[in-house]
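Please keep the sequence and the coordinates at hand while reading.

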Amino acid sequence: MAGFEPGSLPDLLPLYYRRLFPHGPYGRWLSYGGVVKNYFQRREFSFTLRDDIYVRYQSFNSPQELEKEMQKMNPYKIDVGAVYSHRPSQCNTVHRGAFQAQEKELVFDIDMTDYDDVRSCCSSAEICSKCWTLMTIAIRVIDRALVEDFGVKHRLWVYSGRRGVHCWVCDDAVRKWSSAMRSATVEYLTLVKGGSETVKKVNLTDPIHPFISNSLSLVEPYFEEYALVGQDILGSNESWEKVVALVPEHILRLLLREFPKKRDSLQRWELLKNKMDKCRPSHAESEIMLQFCFPRLDINVSKGVSHLLKSPFSVHPKTGRVSVPIDLQKLDQFDPFAVPTISRLCSELDTAHEEEEEDGEKENEAEPVPKRRTRDYKKTSLAPYVRVFERFVEEMDKSRKGELLRKSDLQGDF
Amino acid sequence: MEFSREKRLKGRLAGDRRGDLYPHSLQFYLQPPTENISLAEFENFAIDRLKLLKVVENLGVSYVKGSDEYKSRLEREIRKLKFPYKALVEDDYDARRKDHISHFILRLAYCQSEDLRRWFIQQEMDLFRYRFNALTGDLVEKFLKYVNLSYGAISKEVKEKFAVQLRNSTPGLGGAKVEELEFYKVPLQDAMDLFRVRRVYLLNGFAYVPHTDIVAIVLNNYRTKLSKALALTARSLPAVQSDERLQPLLNHLSHSYVGPDYSIQKNVGKISLEHIDALSVKSFPLCMRQLNKALRDNHHLRHGGRMQYGLFLKGIGLTLEQALQFWKSEFIKGKVDADKFDKGYAYSIRHNYGKEGKRTDYTPFSCMKIILSNPPSQGDYHGCPFRHSDPELLKQKLQSYKIPPTGITQVLELVKGMHYQLACQKYFQLTHDVDDIGFSLNHPNQYFAESQKLLSGGREVKKEPSEPESSQQKLSSQKRTNSCSIPTSSNTEADTELEGLDAYFTED
């Protein structure tokens, strides 16, 4: 694989935006069928240019205009914001109070840094295949709740390009949610609470709400493999101290006495479970599992309607990896390290191009440069990810048509 | 909201005034009053409601909301101020009218900033909750119909099918009771406060709400309406503010809610950076001491911490230049180099001082804001240590600060009762060795100011050479205990007119 060098971005980005970025489905996504007047036109886009120059409140008349602007500016990063009452590019021309964020997808940001107190393999911006399981669990838990509890249909899960995942909930009704509604949702979905001054961050009380029991049954299958074997959370004196701090006082002393005699994390966990069984009603066992594995959401990102979030298919300027959609059908196989970098995509494109040229020479065709090659990404390893994105957009189109049909049927009744 | 009078007015004044205007003792305040009202009445109504809301706030801090003590004290106060206190009383037109009009006046005063809106909504909600709970079953039904909040109950079959889930998602119910209880199928939006804390069952976009929790739905609905209305009012405000009779009054009313907002610094440049560590031990409230220590230890603070601590420092008098120097010198000891600091962090510090972006001069956070909003998460050190720490850690921390064991027990007792501000007040008493601090604490900068005053012998920060401003003289001419909460209104006319109001708000 071609290594990525942040300094090469200025050379690669023009190629990326001209030939790889999936402008077609992207524009279709954010137009939402053109049902609401000027929906796309009132959407904020923000570009980050070279040397961390932010350009906020940009808006475009059409996806084609956006495409042109991307190709002109070659932004290091693209963020998507809210749909405003007026076109964001004209925000200075309207009265300040009147310019307001009206709608946006409900978004979630799950960032590996927020798990630093419970993962031993890496810290801050680093990730590895071991701790990536945390993201898999997070997606399973949140996605289930969105669908079953909140009745949501259209979710787009995206790898952020470095150390986390984003979720875009795009249902028509949800995009209209107030910020209070968004923060209530995040609170419903949050079990791990407290900052550096809190040791025990999960506290369960009876009765256990269905959301919690459903989430637990999603966490459980991963726990042994991930936490006990992978992170080895009961492996050493140092690491198990963090765990036993979460059990009731009298059990704690008992465990500290017995733990050194056991062989590994698995055995120690068995012991802990046995001891906990004898002191019902305590939820320490579940609380430990949740504290170590349960998703940690950044409420501030979800809460604000006007909050910006890195766009799908934007390139992460530090890693060079493309922010690609994640296929939930193959969630357990998703590997962040297999996600193509911009440099890899560009060299794949070159290879494909050379092959083509060879073919071209045979046909003796003298056409200089093809005008537009929108399907170029198909020749690269970006293709399967674009496919996932297209399926998502098609799904939305379909349910929108269904909705329109239903409405016209209703009208036809009389 | 409309500020011009309408034609309907005539009919109302014609004598039929007790008619349909206020069918219930309680309302959502959807229609603004449209009658003529004298300036004196306007002022009296506003002041009385403000007094009432202030009482609501104080009772909420001192007693468990909804307890008998809370209810009886609140009722006494409502009765004293002549607001409608019993739903049953038919003939209380005057009280209902006062309730109606005064609510709308305060909207004008409290729509201007997020902090004000937050305070106003909080108190109005508490008041409303108390009054709604006082309604009898019959009146509840009537009221629900009146405000269009009747929902369909779920069938017996559905209830049986989800019996387990319903029981598990509704705390405080015995197993048998699920069958007896009515459950309503409510759209998510209406049940926000219930599902937020997982007190209801959610399925496919609907909340299944037991009859007993309907009050939360009503409150939720009221909050949404009120918060929208306040935003709208804020937009129409320029029209009202152009009225020179009202503008000073409204300004003054809004300044009276929790005393000063500490946005106007009296000691700008009077604090030197070397003194911060010493001050943090002597005069910082625990939250700021914690932040200062975390900053010194880690050479970094995350956004929430930088906001809370940075604005506090601004409030105690750090200039922008000092702030930049302070943060930079600490951050570059860690992972951030000078260049990255200038690019990534300096902007937000200048922003806090109103030098960037929309150029709002940000005010330091109040206790309520710190306690209620943006709780700390992984890696954060901000928040209120009394609210956001494990009691065990808090205990250890207090022990390490050499607080006597009896004092620690008292603090922890208050924390347990969720009286975080009182706990902090106790901490103040213990660290300053006074029995009664003589003020009610609601702002970290107030804590600092009071501490400094005490340590320097009941006066302003000692290092100050002389203060030529006349406002200072005015301060000292008032009762000494008052100085923590004198409104910093710039309008002297309103100040003298409303001295009575000042006295009221400073005596608690």
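A salt bridge is taken here as a side-chain nitrogen of Lys or Arg within 4 Å of a carboxyl oxygen of Asp or Glu. The model to which this rule is applied is predicted: local features need pLDDT of at least 70, side-chain atom pairs count only at pLDDT 80 or more, and totals for chains, interfaces and linings use all residues. Residues are numbered from 1 along each chain as its sequence is written, chains are lettered from A and ligands numbered from 1 in the order in which they are written, and side-chain values use heavy atoms, with hydrogens and water left out. The term pLDDT denotes the predictor's confidence in each residue, from 0 to 100. For the model, the scores are ipTM 0.90 and pTM 0.74.

Over all chains, a search of the whole structure finds 55 salt bridges. One of them joins R28(A) to D397(A), with the closest N and O atoms 3.2 Å apart. Helices and strands are DSSP runs numbered from the N terminus (helices H or I, at least four residues; strands E, at least two). Because R28(A) belongs to helix 2 (residues 23-31) of chain A and D397(A) to helix 14 (residues 383-412) of chain A, the pair ties together parts that are 369 residues apart in sequence. Burial is judged by relative accessible area: under 20% is buried, over 50% exposed, and anything in between partly exposed (1.4 Å probe, protein chains only). By this rule R28(A) is partly exposed at 37%, whereas D397(A) is buried at 18%.

A second pair in chain A is formed by D332(A) and R140(A), whose closest N and O atoms are 2.8 Å apart. This pair links distant parts of the chain, 192 residues apart: D332(A) is in the loop between strand 8 (309-310) and helix 13 (342-363) of chain A, and R140(A) is in helix 4 of chain A. Both partners are partly exposed, D332(A) at 46% relative accessibility and R140(A) at 26%. Helix 4 of chain A (residues 129-149) also holds D143(A), which counts as buried at 10% relative accessibility. With contact meaning heavy atoms within 4.5 Å, and leaving aside neighbours within four places in sequence, D143(A) touches R155(A), W157(A) and L328(A).

In chain B, the side chains of D99(B) and R131(B) meet in a salt bridge (3.2 Å, N to O). D99(B) lies in helix 4 (residues 93-110) of chain B and R131(B) in helix 5 (residues 114-133) of chain B, so the pair ties together parts that are 32 residues apart in sequence. D99(B) is buried at 2% relative accessibility, and R131(B) is buried at 9%.

Where do the two chains meet? The contact takes 35 residues from chain B and 40 residues from chain A. Together they bury about 2900 Å², 52% of it on carbon and sulfur atoms; buried area is the accessible area (1.4 Å probe) that two parts lose on being put together, summed over both. R196(B), R198(B) and Q378(B) supply 26% of the area that chain B buries against chain A, more than any other three residues. Three salt bridges are found across this interface. R196(B) also pairs with E187(A) in a salt bridge (2.8 Å, N to O), and a network of salt bridges links E187(A), D193(B), R196(B) and R223(B).

Helix 6 (residues 179-188) of chain A is largely enclosed by the rest of the structure, because seven of its 10 residues are buried. Those buried residues are M181(A), R182(A), S183(A), A184(A), T185(A), V186(A) and Y188(A).

A nonpolar core is a set of buried Ala, Val, Leu, Ile, Met, Phe, Trp, Tyr and Cys residues joined through side-chain atoms within 4.5 Å. The largest has 194 residues, and those with the most contacts inside it include V247(A), L382(A) and F195(B). Apart from it lies another core, of 53 residues, among them C384(B), F386(B), C424(B) and Y427(B).

Chain B has 27 helices and three strands, and 51% of its 508 residues count as buried. Its mean pLDDT is 80, with 82% of its residues at 70 or more. Over residues 1-16 of chain B the pLDDT is below 50, and the pLDDT is likewise below 50 over residues 459-508 of chain B. Where pLDDT is low, the predicted coordinates should not be read in detail.
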